[in-house]
Each structure stands twice: as C-alpha cells, then as structure tokens.
Protein chains: 2
Amino acid sequence: METVYIGKTKDVYRKEDGNFLLKFKDDVTGTDGVFDPGANTVGLTIEGAGQAGLRLTQFFFEKINAAGIPTHYIDADIEQATMTVKPAQMFGEGVEVILRYRAVGSFHRRYAKYCNEGDALAGYVEVTLKDDDRNDPLITADGLEMLGIMTKQEYQTLVEFTKQIGEIVKGELAKKELELYDIKFEFGRVGEDNHVALIDEISGGNMRVYRNGEYIEPLQLEKLMF
Amino acid sequence: METVYIGKTKDVYRKEDGNFLLKFKDDVTGTDGVFDPGANTVGLTIEGAGQAGLRLTQFFFEKINAAGIPTHYIDADIEQATMTVKPAQMFGEGVEVILRYRAVGSFHRRYAKYCNEGDALAGYVEVTLKDDDRNDPLITADGLEMLGIMTKQEYQTLVEFTKQIGEIVKGELAKKELELYDIKFEFGRVGEDNHVALIDEISGGNMRVYRNGEYIEPLQLEKLMF
C-alpha cells in the first residue's frame with residue numbers, strides 16, 4: 001500500500017484496488033497536553049482514542065449509508081483501527097460543513113448581538129474553508145461559487161444531506177439522553193459522476209454533545225454510546 | 001424638528017411631515033488624525049467634507065431613483081448639507097451590503113488561499129452585520145433568516161438591487177476613467193408595504209476607487225467626478 005498522507009489524527013493509504021485505507025491514530029488534537037477537538041495541533045496521545053473514534057464513525061456511517069445518503073464509507077476494522085473508503089475529491093483544498101442546533105461556539109461569538117448563548121437553532125448550516133492560517137473563515141454559497149470551490153447545485157445538495165445526516169446523529173444520541181448542540185462534517189465528490197458524498201469521520205471530536213446541560217467529552221461520548 | 005440621532009458623520013432629524021433630514025457633517029472617520037473611511041471613530045474635521053459627500057450621494061441617488069430602483073432619497077440641499085429622506089426601518093440593528101469587483105480588503109484577507117489580491121470578481125455580494133465590537137461579522141442568507149433579521153425573499157431582492165446599483169455607480173465612475181473595486185451599501189424597509197430600498201449615503205467613504213492602479217482618496221473622488 002502506498003502512503004498518501006500522514007495526518008494529525010489519521011494516516012491515509014492507497015490500496016491496490018483503488019480504494020483508500022484510513023488509519024485512526026491515538027494522537028488527539030489539543031494545546032499544551034490538554035485535549036481540544038477544535039485545536040489544529042496534536043496535543044497528546046490517548047491509548048484507544050483511534051479505535052473509539054472509528055467505532056463511532058462506523059456506527060454513524062452505516063446508519064447514513066442505510067438511509068441512502070451517499071458516503072465514502074465501505075467498511076471498518078476496529079481491531080486494526082482502519083476504515084476502507086472510496087476515493088473522494090475535496091472541494092477546493094477542503095471545506096467544513098457545520099450544522100448547529102444551539103447558538104454556541106463561533107456562531108455565538110459572531111452573532112451575540114442577535115442571540116444568547118445556547119439559544120435553539122432550527123438546524124442552521126454553514127460552510128467554512130479549511131485554512132488554519134486564517135481561522136477557517138466562513139464563506140457563503142456565492143463565495144464558494146465565485147472562487148470555483150463548488151457549484152450552487154452542489155451547495156444545495158450538501159446542505160440538504162447535512163440536515164438529513166444531522167437528524168440521524170441527533171436521533172441516535174437522543175436514545176442515550178444526549179443532546180447534539182452542533183456537529184461538523186466533511187463532504188467531497190465521489191464516483192465517476194462526482195456526486196456529493198459525506199467523507200472523513202464522525203466521532204466525538206466532530207461534535208458538541210451535552211447531557212442535562214453538561215458537556216460530554218469526546219472519549220466519554222463513545223463510552224456512553226456503546 | 002426633533003433630533004433623532006447624533007452620529008459620527010451625520011445627524012438625523014425628524015421633520016413635521018414625517019420625513020427625515022440627514023445633516024452631513026465635516027467630521028470624518030479616522031484614527032489618530034488620519035482619514036480612514038473604514039474606521040469606527042471620528043478622526044478629524046475637514047471643511048467641506050459634508051457637502052462633498054452629499055454632492056456624490058445626490059448624484060448617485062438621483063440616477064438610481066431614475067432607474068426605478070427603490071431608495072429613501074427625496075431631495076438634497078447642498079448649501080445646507082442636508083438630505084431629505086423617507087422614513088426607513090433597518091434590518092435588525094443594521095446590516096452592510098458589500099459588492100465586490102476586485103478581491104481586496106477583508107475578502108482577500110479571508111480567502112487568500114483561493115485568490116490573489118486584486119483578482120477580478122464578477123459582482124460578488126455579501127452581507128455583514130453592523131457590530132463594531134465584533135468587527136462587522138459576515139453572515140449568510142440562512143443566518144439572516146435564522147436570526148430574524150431578514151427573509152430569504154428580502155435577501156434575494158437586496159442582492160439583485162445591489163448588482164443593479166453597482167452597475168450604475170461603476171458606469172458613472174468609468175466615464176471619468178475611474179475603476180470601482182468595491183462599494184458598501186445600506187438597505188432598509190421603506191413605505192407602508194415595507195419594500196426593500198437603498199438608504200443612507202453613497203459617497204467616497206463607501207467605496208474603493210482606483211485610477212490606473214492608484215487608489216483615489218474619498219475627497220479627491222468628489223473633485224474628479226464634478
């Protein structure tokens with residue numbers, strides 16, 4: 001297998017059949033040795049973090065595939081902490097799609113003049129560019145089109161899929177009395193027809209989850225779910 | 001006449017007939033005594049600055065009214081540096097609408113991964129919230145709707161009007177061999193039917209204008225135009 005990319009929390013290999021293998025690592029992002037899912041640097045290594053992230057990812061991607069929403073997911077090997085996925089093309093150099101059910105984090109920081117922290121939001125979707133140097137700037141559908149990152153049609157499809165996927169994740173969490181505040185996804189183009197599909201992972205580090213108003217740590221989330 | 005508001009560069013009075021009078025002042029925004037149209041504080045006083053701003057505003061608003069695009073403008077008295085306008089309701093606590101023909105300023109700072117400074121843009125429109133404390137954050141059509149600031153229909157109307165008005169301003173500047181890089185507008189709801197209309201002013205401080213690649217100062221612009 002050819003090594004394609006050594007990442008902060010995952011390594012990527014190209015398989016002989018053209019698919020890719022994602023290896024989930026025990027390295028987690030953080031600052032000064034403290035775990036922070038939003039950080040852009042590796043902060044520490046936690047044994048079992050890779051398997052925990054993959055277990056949640058497998059759980060959600062299988063539900064999403066079963067619902068008929070396109071993803072890059074093929075299968076997962078928990079023992080090896082690897083996931084086999086279809087090849088995907090990023091939008092530009094990568095975008096993040098954020099779905100918000102509560103006004104927290106950067107949404108509240110930006111729009112505090114018009115909302116209180118924790119206000120309910122009816123599944124608000126926004127797209128940011130993956131750009132560490134510029135703090136992942138927000139971008140509109142017009143901006144994405146103007147800069148050649150995605151078409152308006154792709155944007156609309158992506159927003160629609162995001163809301164459908166969000167309902168699946170929210171519903172599964174609710175079964176364990178967990179409330180989803182917000183979640184970020186990655187999408188890409190998959191297949192010969194370049195259709196919009198969910199890629200990357202869905203683990204604790206991608207979402208803010210609360211139980212009875214108390215924040216649930218990403219690694220704690222995996223324990224509560226299974 | 002009742003004093004409604006004492007602003008940084010304009011004062012607002014309510015007339016007996018229900019219309020409003022805007023008094024353009026010679027105070028201009030800036031920092032440490034240096035003129036900066038983007039600053040949020042009054043920097044210095046320049047004799048004639050109020051009349052110069054009003055002259056350009058009158059010129060553009062009369063062209064825009066003549067083109068059938070709704071505005072709040074009724075008439076202007078250059079001598080007194082006053083403009084009579086229809087009452088208007090702001091969107092939320094005020095939004096700014098930016099139209100960009102070149103990738104400069106905050107657009108380039110945000111999206112430098114995907115564009116070079118000065119790249120041509122095909123009339124890109126974006127909306128920011130007027131919020132000095134939060135550096136006028138960018139907001140999407142979905143965000144504006146979610147926070148109850150404007151409807152999707154109002155957003156679409158506002159974007160359409162912005163592009164039409166931009167073509168008028170761009171065309172007038174081009175007659176003097178001036179190139180419009182970007183311009184910001186304010187819109188509000190006017191009349192009993194609350195229709196979307198251009199409000200505030202259109203003067204040198206609202207736009208970036210260049211001639212042969214050289215930036216034209218706002219007060220210089222008025223001299224070149226008339």
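**Figure 1. The three-stranded open sheet of chain B in the predicted model.** The strand order is E5-E4-E6 (chain B), and the pairing is antiparallel. Strand E5 (34–35) and strand E6 (42–45) of chain B are the edge strands, and each pairs on one side only. Strand E4 (residues 27–31) of chain B runs antiparallel to E5(B), and two bridges join them. In this pairing Gly30(B) lies opposite Phe35(B) of E5(B). Strands of a sheet are paired through backbone hydrogen bonds, in either a parallel or an antiparallel arrangement.

**Figure 2. The five-stranded open sheet of chain A and the helix packed on it.** The strands follow the order E1-E2-E3-E8-E7 (chain A), with antiparallel pairing. Strand E1 (2–6) and strand E7 (73–77) of chain A are at the edges; each has a single partner strand, so one side of each has no neighbour in the sheet. On average, neighbouring strands of this sheet are turned by 25° against each other, direction ignored. Helix H1 (residues 49–66) of chain A packs on the sheet and touches strand E3 (20–24), E7 and E8 of chain A. The direction of H1(A) makes about 145° with that of E7(A). E7(A) and strand E8 (residues 82–85) of chain A run antiparallel and are joined by four bridges. Within this pair, Tyr73(A) stands opposite Val85(A) in E8(A).

**Figure 3. Packing of helices H1 and H5 in chain A.** The axes of H1(A) and helix H5 (residues 218–225) of chain A come within 10 Å and cross at roughly 55°. This angle makes H1(A) oblique to H5(A). The crossing of the two helices H1(A) and H5(A) is left-handed. From H1(A), the residues Ala49(A), Ala52(A), Arg55(A), Leu56(A), Phe59(A) and Phe60(A) meet Leu219(A), Leu221(A), Glu222(A) and Met225(A) in H5(A). In an α-helix there are 3.6 residues a turn, so residues three or four places apart point the same way.

**Figure 4. Helix H1 of chain B with two helix partners, H4 and H5.** The axes of helix H1 (residues 49–66) of chain B and helix H4 (residues 152–174) of chain B come within 10 Å, crossing at roughly 130°. H1(B) is therefore oblique to H4(B). H1(B) passes H4(B) in a right-handed crossing. The H1(B) residues Phe59(B), Phe60(B), Lys63(B) and Ile64(B) meet Ile165(B), Ile168(B), Val169(B), Glu172(B) and Leu173(B) of H4(B). With helix H5 (residues 218–225) of chain B, H1(B) packs at an angle of about 55°, and the axes are 10 Å apart. This makes H1(B) oblique to H5(B). The crossing of H1(B) and H5(B) is left-handed. On the H1(B) side the contact is made by Ala49(B), Ala52(B), Arg55(B), Leu56(B), Phe59(B) and Phe60(B), and on the H5(B) side by Leu219(B), Leu221(B), Glu222(B) and Met225(B).

**Figure 5. Helix H4 of chain A and its buried residues.** Helix H4 (residues 152–174) of chain A has 23 residues. From its first C-alpha to its last H4(A) reaches 33 Å, close to the 33 Å expected at 1.5 Å a residue. The buried residues of H4(A) are Glu154(A), Tyr155(A), Leu158(A), Val159(A), Phe161(A), Thr162(A), Ile165(A), Gly166(A), Ile168(A), Val169(A), Glu172(A) and Leu173(A).

**Figure 6. The hairpin of strands E13 and E14 in chain A.** Strand E13 (residues 179–190) of chain A and strand E14 (residues 195–199) of chain A run antiparallel and are joined by five bridges. Phe187(A) has Leu198(A) in E14(A) as its bridge partner. Four residues lie between the two strands of the hairpin, and Gly191(A) in the turn has a positive phi of about 85°. Four of the five residues of E14(A) are buried, so this strand is largely enclosed by the rest of the structure.

**Figure 7. Two loop residues, Asn116(A) and Thr140(B).** Asn116(A) is in the loop between helix H2 (105–111) and strand E11 (120–129) of chain A. Asn116(A) is exposed, at a relative accessible area of 54%. Beyond residues up to four places away in sequence, Asn116(A) touches Ala103(A) and His108(A). The C-alpha atoms of Asn116(A) and Val104(A) are separated by 8.6 Å, and the two residues are 12 residues apart along the chain. Thr140(B) is in the loop between strand E12 (138–139) and helix H3 (141–146) of chain B. Thr140(B) counts as buried, at 5% relative accessibility. Thr140(B) touches Tyr124(A), Leu138(A) and Thr140(A), leaving aside residues up to four places away in sequence.

Note on methods. Residues numbered from 1 in each chain as written. Chains lettered and ligands numbered in written order. Predicted model: local features only at pLDDT ≥ 70, side-chain atom pairs only at ≥ 80, totals over all residues. Heavy atoms only, no water. Buried < 20%, exposed > 50% of the residue type's maximum accessible area, 1.4 Å probe, protein only. Contact = heavy atoms within 4.5 Å. Pairing = 2+ DSSP bridges. Axes fitted to C-alpha atoms, helices over the stretch in contact; angles between N-to-C directions. Expected span 1.5 Å × (residues − 1). Parallel < 35°, antiparallel > 145°, perpendicular 65-115°, else oblique. Left-handed = near helix turned anticlockwise from the far one by under 90°.
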